[in-house]
Amino acid sequence: MSYRKVTNCRICNSTDLFPYLILPDSPLCNNLSDEPTDQDRYELKVLLCKNCFLSQLSIVVSPEILYSNYAYKSSTSQTFKDHCYKMAESIKSEFKFLDHPLVLDIASNDGCLLREFKRAGFNRLLGFEPAKNIGNYEKSYKIDEMICVVNDFFSEDSAKRVKGDVAGGRASIITATNVFAHVDDLDDFLRGVHWFLREDGIFVVEVPYLPNLMKHNEFDTVYHEHLSYFLLKPLLRLFEEAGLQIFKVEEYPIHGGSIRLYASKHFYQEDRSVSDLLEFEEVSGFYKVDTYIDFAVRTLRVAADLQIIMKFVKDSDKKVMAYGASAKGISLINYLGLAEYIHSIVDDTPGKQGKFTPGSNLPIVDFSHFEKEKPDYILLTAWNFASEMKSKTAHLGAKYILPIPEPKII
Ligand code: DWN
């Protein structure tokens, strides 16, 4: 079975689930193809649990289908690499571990975060990464003399299988950036974390924060990889039930606005950032259904505004190329039927070049095509890296179409 229907909330098991955002049935947005193809389309609805206020997709597509061969490489973005280094440095300065702390990164992708921990001076580095095309190894492999990666999904079982041999003990620092929203069985995941974490260890989770998604109209970040869309309130409940305490929360602009949670086995004192963010969620109406209905209505207007801009550009006989074959960009093109307005998509990820986008079958090409095709407009389909990507294309003299948070030509 390629997917399962969600009938109960992933965190509190309630069946009181309210569908508030209904997008068109869509293909799996990172399932790039070697040739233009018709791909399976899956339901795409976001349900609000009216008991614990977790937002979650109405279906869960099999992770083996989504992640065994994964196109995305974190290291393509210098902005993200810089963000990872700053994270490693801030953890190093704030938490003093006596020995050589083991750092475990869950869903380590191409080793982007682990390399930055290494650059920050950490020398015991372990990753879990299920994609075979990234590691291309049966069980575990070395990225370099200090970074070892287990080619597997992280779970209580895979944690217990690994802790003794490859890791050589338990972890002082466990990180999970841009993976927590992708996990269906969060209880099992956290049992694995609890097993692997030292008594004085920290578990650092970074996820997109739903209030930012709604405030900035980031409905293009709703796609089948993102199973959950988090507020702090349901996360506090989930972690407490797993024997972990969230003791600090920070906000960062990365990936459209993320929160970074610090959790431990009740080893560190909770600071006021936790209660402050809970209060923000309460006073901002995120525990009221109307807030979600208002957001869904707003996405319709944003979608219509972008379609008007794209039609205007086409009717003016101007050439549009997109920059960034991102999951969100491919999703947006599919949701709004924008393929007819776009010549092609440039992406700097070698593994994406020469492929075609799922659903819209747009060719993904390398940067040289910008010089060849000389587009009049560049659609920033990775708007979260707009400044980095505009700096790389400034010499082309094209105008930019920024789709999110408000569609506009810049
Ligand atoms: O949660 C997820 C986020 C973190 O990453 C995953 N589910 C999938 C993925 O989502 P995405 O593909 O929307 O992420 P990005 O990082 O916004 O994608 C950026 C795309 O743009 C990548 O394909 C790389 C490309 N890019 C480029 O070609 N040149 C990016 C930069 C910065 C560049 O200079």
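Good morning. Just after helix α11 (327–336), glycine 337 takes a positive phi of about 65 degrees. Helices here are DSSP runs of H or I with at least four residues, strands are runs of E with at least two, and both are numbered from the N terminus.

A word on the source. This is a predicted model, in which local features need pLDDT of at least 70 and side-chain atom pairs count only at pLDDT 80 or more, while totals for chains, interfaces and linings use all residues. Residues are numbered from 1 along each chain as its sequence is written, and side-chain values use heavy atoms, with hydrogens and water left out.

Let us stay with α11. Because 10 of its 10 residues are buried, α11 is largely enclosed by the rest of the structure. Buried means under 20% relative accessible area, exposed means over 50%, and partly exposed lies in between, with a 1.4 Å probe and protein chains only. Among the buried residues are Lys328, Ser331 and Asn334. What covers them includes β2 (17–26), β3 (42–49), α10 and β16 (345–346); contact here means heavy atoms within 4.5 Å.

Which elements give two or more residues to the shell around the ligand? Of the 26 residues around the ligand, Glu225, Lys328, Asp347, Asp348 and Lys392 come nearest. As for polar contacts, these are pairs of N or O atoms within 3.5 Å; within protein, one must be able to donate a hydrogen and the other to accept it, and residues adjacent in sequence count only if both atoms are side-chain atoms. Oxygen atoms of the ligand lie 2.6 Å from a polar side-chain atom of aspartate 347, 3.0 Å from one of histidine 226, and 2.9 Å from a side-chain N or O atom of asparagine 384. The protein covers 97% of the 710 Å² of accessible area that the ligand has on its own, with areas from the Shrake-Rupley method and a 1.4 Å probe, where for residues only the protein chains shown count as cover. The elements I asked about are α11 and α13 (386–393), and α13 gives the most, with 3 residues.

Leaving aside neighbours within four places in sequence, phenylalanine 203 is in contact with residues including Ile174, Phe189, Leu244 and Tyr262.

Asparagine 151 lies in the loop between β9 (147–150) and α5 (156–167). Is asparagine 151 buried or exposed? It is buried, at 4% relative accessible area. Its side chain reaches the backbone oxygen of glutamate 129 at 2.7 Å and that of alanine 131 at 3.2 Å.

Finally, some backbone features. Most residues other than glycine have a negative phi, and most peptide bonds are trans. Phenylalanine 53, not a glycine, has a positive phi of about 70 degrees and is found in the loop between β3 and β4 (55–57). The peptide bond from isoleucine 404 to proline 405 is cis, with omega near 10 degrees. Thank you.

Terms used:
Near = heavy atom within 4 Å.
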